[in-house]
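This briefing covers selected local features of one protein model. The points are grouped by topic after the structure.

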Amino acid sequence: MSTSYQEKITDPLVRDQRLHLEYFLDRKLANDRGQDIIDGLNRTRKTLPPKYFYDGKGSQLFEQICELPEYYPTRTEASILKKYAPDIAEVTGKVKLIELGSGSSTKTRLLLNAYQALDYPLSYVPIDVSGTILKESAYSLLQDYSSLNIKGIIGTYEQALSNLKLVTQEPKLLIFLGSTIGNFSDLECDRFINLVTSSLAIGDYFLLGIDLQKPTAILEDAYNDSQGVPADFNLNMLCHLNSRFQGNFQPSLFQHQAIYNEVDCQIEMYLTSQESHQATLKDLNLVVDFQQGENILTEISRKFNISQMQTYLHSQGLELIQSYTDEQKWFGLLLCQKSFTSRRGLR
Ligand code: AVJ
């Protein structure tokens with residue numbers, strides 16, 4: 001039931017109609033009433049949804065994380081894409097490229113290059129919750145790809161995907177990189193994949209990036225660098241909530257923690273309250289009490305196994321066409337296709 005509006009673009013670059021933007025979240029995000037925040041902070045074990053990391057500042061900090069020597073996922077995934085994008089383009093043929101959580105669209109360029117090399121007209125639909133970063137990346141892509149058309153969607157995955165069917169009947173490649181799927185619980189993952197399959201037509205492709213299981217020390221280093229960038233990223237969520245919902249969180253009262261849970265194969269990121277205190281989010285009529293040492297779980301980042309993921313995707317109506325990985329098998333890219341068999345027929 002989201003409302004959207006089209007922004008009037010006055011930028012000279014887009015006078016030729018190569019860029020369209022659709023907003024499901026307006027600039028003040030008034031549509032987003034933050035019920036998920038209220039629910040999460042009222043639990044005995046407090047949680048906050050990771051999507052609130054990504055305001056303008058948070059997206060910038062995430063870009064900085066990607067540059068850290070310890071944070072291997074981005075660079076590893078990019079190296080796999082660099083090597084196999086031509087293969088992917090050849091398998092899919094001409095498609096409309098749709099990206100969930102497009103961010104800076106840096107890795108996307110590797111795919112665009114591959115499709116361009118095959119002389120396919122380039123059509124790209126980036127989807128992100130941060131309008132700032134989406135626009136910046138779109139402008140830069142338009143400058144570098146002269147035959148590119150962009151339709152950017154600013155909103156959540158749910159908002160964007162539930163409206164996608166209306167957008168296009170052309171063959172599609174939906175990409176979800178960076179192992180962002182690792183942020184979802186089992187239930188959220190089922191819901192998400194269900195959104196994906198219902199927005200795709202039979203024969204459409206889905207390219208999924210997954211971070212793979214590996215020794216604890218390597219994983220924990222990736223989320224606890226020496227420069228404290230992941231800490232800033234984690235703490236920035238509180239600043240984001242403050243500005244968006246008139247809050248008074250004091251980031252200095254919290255400490256960043258990231259540990260690998262070897263049982264559940266997931267990094268767990270916490271903000272730990274250093275003293276007992278109270279914080280409020282005025283716009284949400286929310287008052288929260290914290291005890292000394294109390295945690296807010298801000299993110300899980302699950303680490304996967306390719307064949308388990310293949311079995312899961314199959315059960316959801318997505319067939320693995322090809323999996324790509326790096327030499328160390330640290331990261332996987334799964335190229336899937338919405339199956340020709342109906343989902344119910346599979347079980
Ligand atoms: C964007 C969800 C893939 O889980 O590694 C990086 C986010 N959090 N450092 C991840 C993140 C802390 C990242 N994803």
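Lys303 is buried, since its relative accessible area is 3%, under the 20% cut-off. This holds for a predicted model. Lys303 sits in the loop that runs between β13 (295-302) and α11 (306-315).

- The side chain of Lys303 has a polar contact, at 2.8 Å, with the side chain of Tyr223.
- Beyond residues up to four places away in sequence, Lys303 touches Asp211, Leu212, Gln213, Leu219, Tyr223, Tyr260, Cys265 and Ile267.
- Among these, Asp211 is a buried residue of β8, while Tyr260 and Ile267 are bridge partners.
- Lys107 is also a loop residue, placed between β4 (96-100) and α4 (108-117).
- Its relative accessibility is 17%, so Lys107 counts as buried.
- The side chains of Lys107 and Glu77 make a polar contact at 2.6 Å.
- With neighbours within four places in sequence left aside, the contacts of Lys107 are Thr74, Glu77, Ala78, Leu81, Leu177 and Gly178.

**The open sheet with β13**

- An open sheet of 4 strands has the order β3-β13-β10-β9, with mixed pairing.
- Its edge strands are β3 (46-47) and β9 (254-261), each of which pairs on one side only.
- Strand β10 (residues 266-273) pairs with β9 in the antiparallel sense, over 8 bridges.
- Within this pair, Tyr260 has Ile267 of β10 as its bridge partner.

- All 7 of the 7 residues of β8 (residues 205-211) are buried, so the strand is largely enclosed by the rest of the structure.
- Tyr205, Leu207, Gly209 and Asp211 point one way from β8, and Phe206, Leu208 and Ile210 point the other way.
- Strand β7 (residues 172-176) runs parallel to β8, and 4 bridges join the two.
- Leu174 has Phe206 of β8 as its bridge partner.
- Strand β15 (residues 331-338) pairs with β8 in the antiparallel sense over 7 bridges.
- Here Ile210 has Gly332 of β15 as its bridge partner.

**Helix α8 and the β-α-β unit**

- Together, β7, α8 and β8 make a β-α-β unit, and this unit is right-handed.
- Helix α8 (residues 186-199) has 14 residues and should span 20 Å at 1.5 Å a residue, which agrees with the 20 Å between its end C-alpha atoms.
- The buried residues in α8 are Cys189, Phe192, Ile193, Val196, Thr197 and Ser199.
- Seen down the axis of α8, these buried residues fall within an arc of 165°, so they line one face of the helix.
- Leu187 and Arg191 are exposed on the other side of α8.

- Most residues other than glycine have a negative phi.
- Asp119, which is not a glycine, has a positive phi of about 70°.
- Asp119 is found in the loop between α4 and β5 (122-128), and its relative accessibility of 69% means that Asp119 counts as exposed.
- Lys329 is not a glycine either, and has a positive phi of about 55°.
- Lys329 is found in the loop between β14 (318-325) and β15, and with 55% relative accessibility Lys329 counts as exposed.

Methods: Residues numbered from 1 in each chain as written. Predicted model: local features only at pLDDT ≥ 70, side-chain atom pairs only at ≥ 80, totals over all residues. Heavy atoms only, no water. Expected span 1.5 Å × (residues − 1). Buried < 20%, exposed > 50% of the residue type's maximum accessible area, 1.4 Å probe, protein only. Arc of directions from axis to C-beta. Pairing = 2+ DSSP bridges. Right-handed = clockwise from strand over helix to strand, strands pointing away. Polar contact = N/O pair within 3.5 Å; in protein donor to acceptor, adjacent residues only side chain to side chain. Contact = heavy atoms within 4.5 Å.
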